[in-house]
Amino acid sequence: MDLSAVLAGLEPYRERIGQAAGLLTVTQYLAGWFICTAIRRQGTSAGVSPLRFIGGCGLSILQVQYSQKLQAPALVWTGIFTLLFSAIYSVWFWWYTPANLRRPFYRLAVGTTAATAGLYAYGAQGDSPEVMYRLGMVLTALALAFIALPLAQLGTIIRAKSSAGLPLPAILASTGATILWLLYGLLINNTFIVVINRRHLNCAFEMEAISQALQPYKEVVGMAAGVLTVGQMFSGCFVCNDIRKKGTTDGFSAMPFVGGCGLTVLFLQHGMLMNDSAMTNANLVGLAISIIYATFFLLYTPPSGRSAFWRQVGGTILFTLTLLGYVKIENPAVVEDRFGIIITVLMLCLIGQPLFGLPDIIRRKSTEGLPFAMILSGTIVGLSWLLYGVILNNVFVVLQNVAGVTLSGIQLALFAIYPSKPVVASKKRE
């Protein structure tokens, strides 16, 4: 599938996508309130860096200027709101900084102001391609540095095995906003919103070129991806074995199995729409295995918890049948594209479902309950289908697996930070 054709279909929704991305970006900045609340509780800004707030002011000013040059209203009003919030947070930080410790705050503010004024003056020279290109490069570098600020604490987080210092709400909102801004950047054909530190990128052309080069290996890659997918399905045996050892499904969610049944049916339909045998065969086997796991889950579910299980089954069946009915009535010329969008969103929800337990994981400092084998194998399978999607030149297969691998990577990172079993505090003998 040609990326340009997909973008042409989404063109009427360009401003809506921009508005949604803007709202998520503003939500991301609202998450800074959690940091301000922590500062208020401890009564001082000691131990917290003002760079996120002061740097946010400068970056927002430059983004507003650049957005005006692009004539992108969604970017303009988003930059105005983020500037407002960054200014409020900076004043809040200053207020809770002791008078004898404000000098570093002032130095950072003056340095940021000088750098912002210099870049703004350069951008004010005009709208020539050279100015726009260089300004875009600078903004890209600054935005990357701003996004990567929490990674400066990575060493401390790993040593302490705690992510207490990371602004979770900001990171979640930033992830959603990034995906939407990526799509918006493609729609307005702006290189610097789409990708970083690359010149004259043409996504559709490059993917098509890679696809043509890998065409001789299409069947081999498809077969390998199918075999890996079936192998991944067997990784659910580890979860089932944990349930068997525990003797109950308490603490485990049925959604990966029940939702997996519905999703494999939908992927099977998508494979049939694409006339792709590799995807069809893999999902047929996957459906059979998912049904076995769901049955196993039911057998170990206490009678008191089976009503919730059947509600999930009923909801999944109803939802799946509704989407299959949609395929039958939709215009054949657009059904593959639109159905691809739907199952992409559903797949991301299923893969990211364990992340809803993230607050509990952080509180218990344990990844117990997360299916490590399924997540690891899912990452490997996602990479293989990503390569196959590139060979097919199908944007939905590519996006599904890029996002899937990203979510799986986040979950794998939790295993590097927290143990798989909760740490039991030893009681001191008196």
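## A tour by selection

Begin with residues 51-70, which form helix α4: its 20 residues reach 27 Å from the first C-alpha to the last, close to the 28 Å expected at 1.5 Å a residue. Bear in mind from here on that the model is a predicted one. If you colour α4 by accessibility, you will find the helix mostly covered, with 14 of its 20 residues buried. Step next to Gln71, the residue that follows α4, and check its backbone, where phi is positive, near 55°.

Now zoom out to the protein chain as a whole, in which there are 20 helices and zero strands. Of its 430 residues, 42% are buried. If you display contacts between residues at least 6 apart in sequence, 79% of them join residues at least 24 apart.

Select residues 255-273 and 306-329 together, that is, helices α14 and α16, whose axes lie 9 Å apart and pack at an angle of about 10°. Angles under 35 degrees count as roughly parallel, and α14 is therefore roughly parallel to α16. Which residues of α14 and α16 make the contact? On the α14 side, show Met255, Val258, Gly262, Val265, Leu266, Gln269 and Leu273; on the α16 side, show Phe309, Gln312, Val313, Thr316, Thr320, Leu323, Leu324 and Val327. Coloured by class, this contact of α14 with α16 has ten nonpolar and five polar residues, and no charged ones.

Is Thr248 buried or exposed? Its relative accessible area is 14%, and because the limit for a buried residue is under 20%, Thr248 counts as buried. Draw a distance from its side chain to the backbone of Asp250: a polar side-chain atom of Thr248 lies 3.3 Å from the backbone nitrogen of Asp250.

For the last stop, select Pro371, found in the loop between α18 (358-364) and α19 (372-392). Pro371 is likewise buried, having a relative accessible area of 17%. Finally, select Pro256 as well and draw the distance between the two C-alpha atoms: Pro371 and Pro256 are 115 residues apart along the chain, while these atoms are separated by 9.7 Å.

Definitions and conventions
Residues numbered from 1 in each chain as written. Predicted model: local features only at pLDDT ≥ 70, side-chain atom pairs only at ≥ 80, totals over all residues. Heavy atoms only, no water. Axes fitted to C-alpha atoms, helices over the stretch in contact; angles between N-to-C directions. Helix = DSSP H or I, 4+ residues; strand = E, 2+ residues; numbered from the N terminus. Parallel < 35°, antiparallel > 145°, perpendicular 65-115°, else oblique. Contact = heavy atoms within 4.5 Å. Nonpolar A, V, L, I, M, F, W, Y, C, P; charged D, E, K, R; others polar. Expected span 1.5 Å × (residues − 1). Buried < 20%, exposed > 50% of the residue type's maximum accessible area, 1.4 Å probe, protein only. Polar contact = N/O pair within 3.5 Å; in protein donor to acceptor, adjacent residues only side chain to side chain.
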